[in-house]
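Hi everyone, thanks for making time for this. I'd like to walk you through a few contacts, so please have a look at the screen.

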Amino acid sequence: MTLPAAEQLLAFTRALRARGWPIGLQEQQDVLRVAEQTGLEDPRRLARALRPLCCGTREQWHGFEALFEQWWRPRRGVRSRALGPGGGLRPAPGRAGGEEAAPQPDRPAAGNAGDADPAGARAGASPQAGLGRTDFRHLCDPEESRALDALMDRMARRWQRRVRRRWRALQKGRRLAPRATLRRSLARGGVPFDPVWRRPRRQPPRLILLVDASRSMNLYSYRFLRFAGSALQAFPRSEAFIFHTELVRITDALQEARPERLREKLALLSTGWSGGTRIGACLARFNRQYGEGVRRRSVVLIFSDGLDTGDPETLTRVLAELRGRAGRLLWLNPLMGRSGYAPEARGMRSALPYLDRLAPAHTLDSLLALEQELIRL
């Protein structure tokens, strides 16, 4: 398969995922493998081969071929909007009939922000796709801010679907896991002597989100609180806190149903505090008051630049205690997205030995990269 054709197929799968279809990294790899075997000469045959991989509902099954046809072979001079912005990308070379579609504009109207790919993976396809790679500190335009909020809401809905689809393998059960059974049967010549069963995972992992709201984090704290609100929608029983020199639980505040009120609350929370940061003391208070709720299926996320004015020994002690309780301990530092940054702050050096992962958190794409970490438990 040519590289342009592969890119066209991947763009198609990303557009479906932006509409809420069950398309992940594994499905994207399977789409490329099926296309390699089926060939690109007959788009209708390729669509029939890809439909079982891409569809999760009856409506998606019946509408897939039409969407694929509009994407792969748009009418001349007409930009299809069936899949949102960029739906009428010019087809890959080698399309049937040798017909060349009219060039399509690379930047759609800004009013379709809600249909953009939440991962921002189609580089250059739209201004909204570029938001996924824009540093939060550079987002000053109100329209861009609202578009990014919509992308975060879409991200939360996708996580909800992924959490519900998680299955657990069992030795005995009522629902057969065909792929796992076939893999296990290879060692016995293809005879399924030991079938693998599965059942839905009873409870998704619990998230504990701790957001630094000190002065040094003022450019990022609103976005992290918005992300925390979206994560609470996807993962029930999760908790959210903000800290600088004190620790405050904000779970109830982030569960505001009305978007306007939620935006007001987030603005107050993100700008109402400004001062130094005592990360160790705040985490110590968290361990005393809420630590009993942290279990092996908990993922603790600390959003902070690590500029701690407190005692580093205190931070070391409380992180060791927290790491012993939690299933995963992640530190998300927005400064890591800047060129030449190294975790040399005293707080970061103290924290590094106890972290499962230190990751950047300056763009929406960097937050989306956490998906596997959050659903793996």
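Let's begin with a cluster of aromatic rings: F136, W159, Y220, F224, F227, F235 and F303 are linked into it by ring pairs. Please keep in mind that this is a predicted model. Over the whole structure there are 14 aromatic pairs.

Two of the pairs involve F12, and I'd like to show you both. How far apart are the ring centres of F12 and F64? They are 5.8 Å apart, and with the planes at 65 degrees the pair counts as edge-to-face, because the cut-off for that is over 60. F12 sits in helix α1, residues 3-18, and F64 in helix α4, residues 58-72, so this pair ties together parts that are 52 residues apart in sequence. Are these two buried or exposed? Both F12 and F64 are buried.

Now the partner F68. Its ring centre lies 5.3 Å from that of F12, and the planes are at 90 degrees, so this pair is edge-to-face. Again, distant parts of the chain are linked, with F12 in helix α1 and F68 in helix α4, 56 residues apart. F12 and F68 are both buried.

Let's move on to helix packing. Helix α2, residues 25-38, packs against helix α3, residues 43-54, at about 155 degrees, and the axes are 10 Å apart. That angle makes α2 roughly antiparallel to α3. The crossing of α2 past α3 is right-handed. On the α2 side, the contact uses E27, D30, V31, V34, A35 and T38, while α3 brings R45, L46, A49, L50, L53 and C54. By class, that contact has eight nonpolar residues, one polar and three charged.

Technical notes. Residues are numbered from 1 along each chain as its sequence is written. This is a predicted model: local features need pLDDT of at least 70, side-chain atom pairs count only at pLDDT 80 or more; totals for chains, interfaces and linings use all residues. Side-chain values use heavy atoms; hydrogens and water are left out. Axes are lines fitted to C-alpha atoms, for helices over the stretch in contact, and angles run from 0 to 180 degrees between N-to-C directions. Helices (H or I, at least four residues) and strands (E, at least two) are DSSP runs, numbered from the N terminus. Angles under 35 degrees count as roughly parallel, over 145 as roughly antiparallel, 65 to 115 as roughly perpendicular and the rest as oblique. A crossing is left-handed if the near helix is turned anticlockwise from the far one by less than a right angle, and right-handed if clockwise. Contact means heavy atoms within 4.5 Å. Ala, Val, Leu, Ile, Met, Phe, Trp, Tyr, Cys and Pro count as nonpolar, Asp, Glu, Lys and Arg as charged, and the others, Gly among them, as polar. Rings of Phe, Tyr and Trp (its six-membered ring) pair if their centres lie within 6.5 Å; planes under 30 degrees apart count as stacked, over 60 as edge-to-face and the rest as tilted. Buried means under 20% relative accessible area, exposed over 50%, partly exposed in between (1.4 Å probe, protein chains only).
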